[in-house]
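Me: Got a model open here and I'd like to go through how the pieces pack. Can you walk me through it?
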Amino acid sequence: MPRKTLEIPRKIEWLSVLDHEGNLDKKLEPKIPAEDLRKLYKTMLNSRMFDERCFHMQRQGRIGTYGPTKGQEAASLGFAYAIGKDDWLVPSFRETAAMLWRGWEMDKILLWWAGNEAGASVAEGINDLPICVPVASQCQYGMGVAWGCKLRGKGQVCITFCGDGGTSEGDFHEAMNFAGVYQTPMVMVIQNNQWAISIPRESQTASQTIAQKAVAYGFDAFQVDGNDLLAVIVAAREAVEKARKGGGPTLIECITYRLGVHTTADDPKKYRSDDEVKEWEAKDPLPRLRDYLIKKGVLDEKGDQAVRDEIKAALDAATHKFEQYRHDQYEMFHHMFADMTPELQRQMAELKDYHEWKESGKKRQPSRVI
Ligand SMILES: Cc1ncc(C[n+]2csc(CCOP(=O)(O)OP(=O)(O)O)c2C)c(N)n1
Ligand SMILES: [Mg+2]
């Protein structure tokens with residue numbers, strides 16, 4: 001027979017456990033100790049309150065351009081929860097909730113958004129890579145880390161994050177191909193928040209789902225309700241366990257939404273409707289988790305307020321610590337190489353000239369370039 005339909009032995013599953021109306025699929029409900037549930041809620045709330053603080057600090061000129069994470073907290077936190085300290089997490093730039101769970105200090109994350117290299121240094125004992133803004137470049141790093149995990153043979157796995165827009169980049173596809181061929185223990189998470197700045201998901205790819213891209217690379221995928229922390233945890237646990245046992249990579253597409261601006265330099269009213277935003281506000285992962293915990297009896301109004309107060313105090317302390325930091329403008333030249341390259345030396349001298357000129361109060365700007 002010259003013509004027949006091929007059977008592709010690959011699976012793509014859709015997963016939702018707790019919907020936005022509070023309906024719980026008891027059969028799928030993951031087992032999570034009450035103490036962990038409280039800590040997960042606290043981390044998600046912390047991420048949300050930190051996000052609000054960052055937004056205001058940017059408006060006050062206290063940090064640089066900021067990319068909010070509001071609405072996407074569950075789609076990163078669930079993955080951080082599913083791995084251990086020895087595993088790896090490779091973020092893009094909207095994974096604050098996961099980073100807080102992994103132990104990143106808020107003042108350090110503030111430093112990053114203030115453009116300070118010190119914000120990219122990973123604290124001892126945390127197996128993560130820093131925030132990464134060059135879109136999809138972190139897919140290559142994540143794949144490399146996962147390959148390293150495989151070569152070490154200690155059963156470690158690597159979670160790597162990318163946006164829906166990032167899946168149009170070559171870096172994403174190269175990483176996916178390599179992950180499939182080398183069967184690396186990588187969980188590739190797509191935070192499909194429906195937009196890549198002003199480009200909607202429908203214009204990003206002709207594929208029906210992003211999840212199905214895994215099929216072409218020879219591995220399985222999940223598409224999950226990314227605003228449902230329980231669903232994210234179920235999918236993440238399965239993918240992590242499979243990777244740990246040598247079963248190779250999994251792609252998990254989290255269906256979520258960027259409730260805020262793309263960055264503080266963006267005005268989303270120019271390209272999306274208020275109705276669309278309202279529709280997604282009703283699916284917000286944070287009140288959904290809160291209601292679930294209240295129904296379960298592991299949180300009450302008083303407990304919720306106490307958590308908020310605790311976070312507010314920690315935020316104030318972190319902001320204060322961040323503002324005490326003495327920013328050295330020349331640090332950026334020393335950061336990359338043990339011995340500065342001639343070009344960096346030239347640039348540093350130029351900046352020094354500029355500062356001297358500023359302090360001198362002279363009108364004419366120096367043109368000297370060495
Ligand atoms: C290589 C590269 N090209 C362009 C940009 C500018 N840029 C920053 S975020 C972004 C859109 C990314 O969309 P998506 O991957 O969906 O992530 P989201 O911002 O929605 O989280 C673009 C084009 C960049 N940072 N890096
Ligand atoms: Mg996006």
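Me: Let's start with helix packing. Which residues in α1 meet α11, and which ones in α11 do they meet?

Reply: Keep in mind that this is a predicted model. From α1 you have L37, Y41, M44, L45 and R48. In α11 they meet P285, L286, L289, R290 and L293.

Me: What's the split by class in that contact of α1 with α11?

Reply: There are 8 nonpolar and 2 charged residues, and no polar ones.

Me: And at what angle do the axes of those two cross?

Reply: Roughly 155 degrees, and the axes come within 10 Å. For orientation, α1 covers residues 34-59 and α11 covers residues 285-296. Angles over 145 degrees count as roughly antiparallel, so that is how α1 and α11 lie to each other.

Me: Left-handed or right-handed crossing?

Reply: Left-handed, as α1 passes α11.

Me: OK, switching to α2. How far apart are the axes of α2 and α9, and what's the angle?

Reply: The axes are 8 Å apart, and the angle is about 40 degrees. That puts α2 (residues 74-82) and α9 (residues 229-244) in an oblique arrangement. Their crossing is right-handed.

Me: Who makes the contact there?

Reply: On the α2 side, A74, A75, L77, G78, F79, Y81 and A82. On the α9 side, L229, V232, I233, A236, R237 and V240. Sorted by class, the contact of α2 with α9 has 11 nonpolar residues, 1 polar and 1 charged.

Me: Now the sheet. What's the strand order?

Reply: β1-β7-β8-β4-β3-β2, an open sheet of 6 strands with parallel pairing.

Me: Which strands stand at the edges?

Reply: β1 (12-15) and β2 (88-90). Each has a single partner strand, so one side of each has no neighbour in the sheet.

Me: How much are neighbouring strands turned against each other?

Reply: By 20 degrees on average, ignoring direction.

Me: Which strands of the sheet does α2 touch?

Reply: β2, β3, β4 and β8 (250-255). The direction of α2 makes about 165 degrees with that of β4.

Me: How many bridges join β3 to β4?

Reply: 6 bridges, and the two strands run parallel. β3 is residues 158-163 and β4 is residues 186-192. As one of the pairs, T160 has M188 in β4 as its bridge partner.

Me: Where does α5 lie?

Reply: Helix α5 (residues 137-152) lies across β2, β3 and β4. It runs at about 170 degrees to β3.

Me: One more helix pair. At what angle do α4 and α12 pack?

Reply: About 50 degrees, with the axes 8 Å apart. The helices are α4 at residues 106-113 and α12 at residues 301-324, and that angle makes α4 oblique to α12. The crossing is right-handed as α4 passes α12.

Me: What residues make that contact?

Reply: M106, D107, L110 and L111 come from α4, while L315, A318, K321 and F322 come from α12. By class, the contact of α4 with α12 has 6 nonpolar and 2 charged residues, with no polar ones.

Me: Last thing, the ligand. Which residues come nearest to ligand 1?

Reply: V135, G163, G165, G166 and A196, out of 15 residues around ligand 1. The shell around ligand 1 has 6 nonpolar, 6 polar and 3 charged residues.

Terms used: Residues numbered from 1 in each chain as written. Chains lettered and ligands numbered in written order. Predicted model: local features only at pLDDT ≥ 70, side-chain atom pairs only at ≥ 80, totals over all residues. Axes fitted to C-alpha atoms, helices over the stretch in contact; angles between N-to-C directions. Helix = DSSP H or I, 4+ residues; strand = E, 2+ residues; numbered from the N terminus. Parallel < 35°, antiparallel > 145°, perpendicular 65-115°, else oblique. Left-handed = near helix turned anticlockwise from the far one by under 90°. Contact = placed C-beta atoms within 7 Å. Nonpolar A, V, L, I, M, F, W, Y, C, P; charged D, E, K, R; others polar. Near = placed C-beta within 6 Å. Pairing = 2+ DSSP bridges.
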